[in-house]
Amino acid sequence: MFKCKAVWNKLAPLVRASSTLCLQNARKSVLRHGRRLEMVQKAQMSSGPAGGGGENTLYYVLVGATCLGTGVYAYRTVSGDKERYNERMIDLVNRPKQGPRAAEAVKPVEEPTLTEAPVEEPLVTEAVVEFTESEPVTEPLVEASIPEPTVETLVTESVVEASVPESIIEVSVTEPVAEAPAVTQSEEPLASVVESETEPTPVIITAHVPEASPVSESAAVSEPAPAAEPVESTAAHSDVPEHAPYLLIGGGTASFAAARSIRARDPGARVLIVTEESELPYMRPPLSKELWFSDDPKATETLSFKQWNGKERSIYFQPPSFYVSPTDLAKVENGGVAVLTGRKVVHMDVRENKVKLSDGAEISYEKCLIATGGVPRNLQVIDRAGEEVMKRTTLFRKIEDFRSLEKISREVKSITIIGGGFLGSELACALGRRSTDLGLEVIQMFPEKGNMGKVLPEYLSNWTTEKVRKEGVNIIMDAVVKNVSYKNDKLEIKLKDGRLIETDHVVAAVGLEPSVELAKSAGLEVDSDFGGYRVNAELQARSNIWVAGDAACFYDIKLGRRRVEHHDHAVVSGRLAGENMTGASKPYWHQSMFWSDLGPDVGYEAIGIVDSSLPTVGVFAKATAKDTPKAATEQSGTGIRSESETEAVAVTLKAETTAPPPPVQQKEDYGKGVVFYLRDNVVVGIVLWNVFNRMPIARKIIKDGEQHADLNEVAKLFNIHED
């Protein structure tokens, strides 16, 4: 067909020119004589002057030649296809009769070198093509190709491997072992090359197959052939269950809260948690708070600490005995929770309800929760600074980061913390407490005008900055990092205004980036404004898939679409997702809270939208000995305050009866108080400064969404003027 097309492409211009010229002549004739064009005589088509019938003759000759060429090509093509088809059918019919010929061709091979043996190449090639092009080999075909007597006496496994592809060997070893003795491998490798004249492509000789010597039938039974590669792959994934009714991706707070909620509603549920970390589920807040203030030198290894109230506690939610083994998850009678550590889900097949792990294993599920959290952000100037700078930079998030930074703080002389938010300020206070004993210089720099400048009003941010300074921290405000380099065994941080800071180690605490790697394979939507997976009011991303924790971008019925990165939100959203996975169908209405402690003496709790750019009203009072984080934990009995307060509900709000003193503003020592954040004269956020166990009241104020003429009266609800 291609030849025909090429001929037509060459002749088409001539044909079109002749046809056009003929048509023009016809029109001229009609216009000249003014009558109907008479039929041209046949004699004029073969001769005559220019403009007569000569061009028509050329036209018919070209068209006829083209048709003739097309017919000849089509005939030759069909004839050739028919011949090849007949040859192929004959070859297929004669295949069973060629097996003995191949065996006879291989039989004389007794020399150590295969190339020197008197092997007839056409016959060996014919045998190779036979096995290579055939469909899955059945048992009779194998018996016909390799007769039992021949294999016992002369044919070794190495020779068969040289003639038959590896896939055929795997089939033949499984069933005929009892009939034809298997052959064990020896230590000497065999490199054989067989050339073919007819079809060289199928002749593939594997040089890695070792040579085998003939053995008896009893030896074959006692020493079976080694397992095939697929069997080894299955053994490598033996600890991965094939199916989990409830699959939770991520091993953080949200996943554990969901697992506990699922088991509460479905006592026989089988829950599998897959986490990239090597640790069991644990809480993150103590990594930047209590663990740094522990007097136990083994706290870094045991990860146990004393809370502000003096009680001992571990950061792990449950001991290892609480969980069942992943391999036993399908066997245990009443179900349970299993944790698969050190594995990462890299792909989701939402149509087949399957996930693929980083090691290639697959797990099917019925309901799935994505609680992957996030990864710490880094400054671009540090990312581009090179390997030496990155080796001396910590992105604080996990247990291994805490252990690494704790060790570094004992080895270096200077640590610089970049970031003035919750994490940066907490780590600065923690390291500052140790600076005197360790001889460590602690530097904290941030672009704001004070610590937590994006959250607290300016006057409270300034007070917090002085508090951090008293802990032994060198504060550098209005600091925008321009460049970071490594020179003379020191990190040099150059600021935009020209200031230069030298340090031994850097801690970047500049926020969190939600982990949304599964969005593409799962077909999930990522919010362009806040990041994270967009979910509906029930935290559902799509059928049978829910999202909770830092990675969820949810709709707040009072404050609009949000994404929250705090412990309490992980607890509550994980709990609700677990309930909805068991059929509860509850909307997410909870206003999550968060807290931060600058040591055991100063702390605050917050809820809603707390943004320093919003108008604020603060009401403060004199603090007492019980107005500290330490006293708050003694009263609640837990250091993770959200675990107790989220269960409470403010049904009745009772204001204090005593008349309060005038509100205190711009005071040097802000003992305790309440800060209201307003939007359109409506309270959308509240910070309780050294006021604890009052969060249900703050939550109800935001939920009501009312305008208040006098916020001093609202502050009375928190009883901040009590002694």
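**Exercise 1.** Determine whether tyrosine 85 is buried or exposed in this predicted model, and state which surface patch includes Tyr85.

*Solution.* Step 1: the relative accessibility of tyrosine 85 is 52%. Step 2: the exposed class begins over 50%, so tyrosine 85 counts as exposed. Step 3: tyrosine 85 is placed in helix H3, which covers residues 54-94. Step 4: together with Met89 and Leu92, Tyr85 makes a nonpolar surface patch of about 290 Å².

**Exercise 2.** Which lysines gather in a patch of positive charge on the surface, and where is lysine 496 placed?

*Solution.* Step 1: the patch of positive charge consists of Lys482, Lys487, Lys494 and Lys496. Step 2: lysine 496 is found in the loop between strand E15 (490-495) and strand E16 (500-503). Step 3: with a relative accessible area of 66%, lysine 496 is exposed.

**Exercise 3.** Classify both partners of the salt bridge between arginine 410 and glutamate 406 by accessibility.

*Solution.* Step 1: the closest N and O atoms of arginine 410 and glutamate 406 are 2.6 Å apart. Step 2: arginine 410 has a relative accessible area of 51% and is therefore exposed. Step 3: glutamate 406, at 7% relative accessibility, counts as buried.

**Exercise 4.** Why does the pair of aspartate 478 and lysine 449 tie together separate parts of the sequence?

*Solution.* Step 1: the side chains of aspartate 478 and lysine 449 meet in a salt bridge, at 3.9 Å from N to O. Step 2: aspartate 478 lies in the loop between strand E13 (473-476) and strand E14 (481-487), and lysine 449 in the loop between strand E12 (441-445) and helix H18 (458-470), so the pair ties together parts that are 29 residues apart in sequence. Step 3: aspartate 478 is partly exposed at 40% relative accessibility, whereas lysine 449 is exposed at 56%.

Technical notes:
Residues are numbered from 1 along each chain as its sequence is written. This is a predicted model: local features need pLDDT of at least 70, side-chain atom pairs count only at pLDDT 80 or more; totals for chains, interfaces and linings use all residues. Side-chain values use heavy atoms; hydrogens and water are left out. Patches are made of residues with over 30% relative accessible area and no salt bridge: like charges are joined within 9 Å, nonpolar side chains (Val, Leu, Ile, Met, Phe, Trp, Tyr) within 5 Å. Accessible areas come from the Shrake-Rupley method with a 1.4 Å probe; for residues, only the protein chains shown count as cover. A salt bridge is a side-chain nitrogen of Lys or Arg within 4 Å of a carboxyl oxygen of Asp or Glu. Helices (H or I, at least four residues) and strands (E, at least two) are DSSP runs, numbered from the N terminus. Buried means under 20% relative accessible area, exposed over 50%, partly exposed in between (1.4 Å probe, protein chains only). Lys and Arg count as positive and Asp and Glu as negative; His and the chain ends are not counted. The place of a charge is taken as NZ of Lys, CZ of Arg, CG of Asp or CD of Glu.
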